[in-house]
Amino acid sequence: MYQILMPVDRDEDRGAAQAEYVLNCPFDHDEIEVTVLHVLAREDASTADSENFDGNEAAIAAANRLEGAGITVNRSLGTGEPVSGRILDRAAEIDADEIVMSGRKRSGVSQVLIGSTATDVMQAAKRPVVMVG
């Protein structure tokens, strides 16, 4: 089984692009297992619902789209910061073959000063990271 970790934020277009990438992977859908991950701040964790991704419509839609195509989906919530650390931890836990991410578009000083979860994951990952959308 080909394991994919798909961390989804709250942007529906990015979540849809990630799901579309997975749907077009060169594997039969019954050979893929996707863990859709949404990471919450610690203070939000006590009321979290992993099936509904704490109301994250992007994660819900992406998971539903994959399931509708016959792909096995595990819905997962992570908590705490840094978000990149929670993503990498989950990738290790499930022994992901690949991480499929979508990053925000930032430029110039904001990218340098604020940083990027996707960049942090790409630099620290011990497995392939695919950026989509």
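**Close-up views of a predicted model**

**View 1. Strand β4 pairs with β5.** Strand β4 (residues 98-101) and β5 run parallel, joined by three bridges. Val100 has Val130 of β5 as its bridge partner. Strands count as paired if DSSP finds at least two bridges between them. Helices (H or I, at least four residues) and strands (E, at least two) are DSSP runs, numbered from the N terminus. This is a predicted model, in which local features need pLDDT of at least 70 and side-chain atom pairs count only at pLDDT 80 or more, while totals for chains, interfaces and linings use all residues. Residues are numbered from 1 along each chain as its sequence is written, and side-chain values use heavy atoms, with hydrogens and water left out.

**View 2. The open sheet has five strands.** Their order is β3-β2-β1-β4-β5, with parallel pairing. β3 (72-79) and β5 (129-131) are the edge strands; each has a single partner strand, so one side of each lacks a neighbour in the sheet.

**View 3. The largest nonpolar core has 24 residues.** Such a core is a set of buried Ala, Val, Leu, Ile, Met, Phe, Trp, Tyr and Cys residues joined through side-chain atoms within 4.5 Å; buried means under 20% relative accessible area (1.4 Å probe, protein chains only). Met6, Val22, Val34, Val36, Leu66 and Ile71 have the most contacts inside it. At least two residues each come from β1 (2-7), α1 (12-23), β2 (32-40), α2 (57-68) and β3. The top contributor is α2, with six residues.

**View 4. Val22 and its contacts (heavy atoms within 4.5 Å).** Leaving aside neighbours within four places in sequence, Val22 touches Ile4, Met6, Ile32, Val34, Leu66, Ile71 and Val100.

Methods. Buried < 20%, exposed > 50% of the residue type's maximum accessible area, 1.4 Å probe, protein only.
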